[in-house]
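Here is a brief report on selected parts of one structure. Please read it beside the sequence and the model.

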Amino acid sequence: MDPRTTTAAVPVGPSDDHLVLSLSCPEAAGIVHAVSEVLYENDCTIIELDQFDDQRTRRFFMRVRVAPTGEAPLDPAVLEQRLAPVAERFEMSWELVRHGAKRRVLVMVSKFGHYLNDLLYRERTGELPVEIVAVVSNHRDHQSLVEWHGIPFFHVPVTPETKPEAEQKLLDLVDRFEVDLVVLARCMQVLSDSLATRMEGRVINIHHSFLPSFKGAKPYHQAFERGVKTVGATAHYVNAELDEGPIIAQQVLAVDHTFGPEDLVAAGRDTERKALSDAVKWHCQGRVFLNGNKTVVLL
């Protein structure tokens, strides 16, 4: 093992001194060596390192968490400057952030509130590394809840005629609040192709796609009538194809003939909440990478 990547003999300080580097690039020899060389020369010790070389797409993915070897904290700006020539040489898409840094999240919701409640709870308890900076809805059902949490609420009604105007209001809010990620918490409005393309890799949606898929109203009631044996959910990035974006996280649960429609709804909501929170958490931790129509998730 390269001594520059081992941490056994190096004391590690508080995790808020740590930095996380996430990168993807065309596969090539020497990527890990070049990155670890810069980290070693800048007094970094590697705490975690996960990588994947996709032989089909010929792309390389890596996430590395580092800590300072001494008492002096790491300076992200200095390390970014030192890493820049390596990133340019290997044509990397990359990001360097402080470990545990909270991402600024805007939540879109309609009338179903269980996702919103779950995200708000996980934010308040510190389970998710996020700061929910705004909530947007085409209904006012959850306005009092959101404002009780001290979060700005924006009512943006949407009709086919006003959809372009509504999407522009959304983009204005994304810019105003410096939003890193938009979460569609069972928002019943479909994003336009242009908005989905502009926000690629920055919008996560949740879909009940493990019923198996039943379209239209009351999918769990349809599933009950068909006697399904599995329910679940898929969290994915939004693209121009409705509910067909790159998958980030999935949850599945076995059910049987004793489950009525209401039981299936309850079980499905549990899987949906877990899949969505996992996807948000992994994205905000820099663990998710777009890879064509799929994702690579380094856990």
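**D278 and its contacts**

Leaving aside neighbours within four places in sequence, D278 is in contact (heavy atoms within 4.5 Å) with A249 and Q251. D278 is found in helix α8. Helices (H or I, at least four residues) and strands (E, at least two) are DSSP runs, numbered from the N terminus. D278 counts as buried because its relative accessibility is 10%; buried means under 20% relative accessible area, with a 1.4 Å probe and protein chains only.

**Basis of the model**

This is a predicted model: local features need pLDDT of at least 70, side-chain atom pairs count only at pLDDT 80 or more, and totals for chains, interfaces and linings use all residues. Residues are numbered from 1 along each chain as its sequence is written, and side-chain values use heavy atoms, leaving out hydrogens and water.

**Helix α2**

Helix α2 covers residues 76–89. Its 14 residues should span 20 Å at 1.5 Å a residue, and the end C-alpha atoms are 20 Å apart, which agrees. The expected span is 1.5 Å times one less than the number of residues.

D75 caps the N-terminal end of α2. A side-chain oxygen of D75 lies 3.0 Å from the backbone nitrogen of A77. Just after α2, E91 takes a positive phi of about 55°.

**Buried face of α2**

Which residues of α2 are buried? They are L79, L83, V86 and A87. The buried residues of α2 pack against β1 (19–26), α1 (31–41), β2 (44–54) and β4 (93–98).

Key:
Buried means under 20% relative accessible area, exposed over 50%, partly exposed in between (1.4 Å probe, protein chains only). A polar contact is a pair of N or O atoms within 3.5 Å; within protein, one must be able to donate a hydrogen and the other to accept it, and residues adjacent in sequence count only if both atoms are side-chain atoms.
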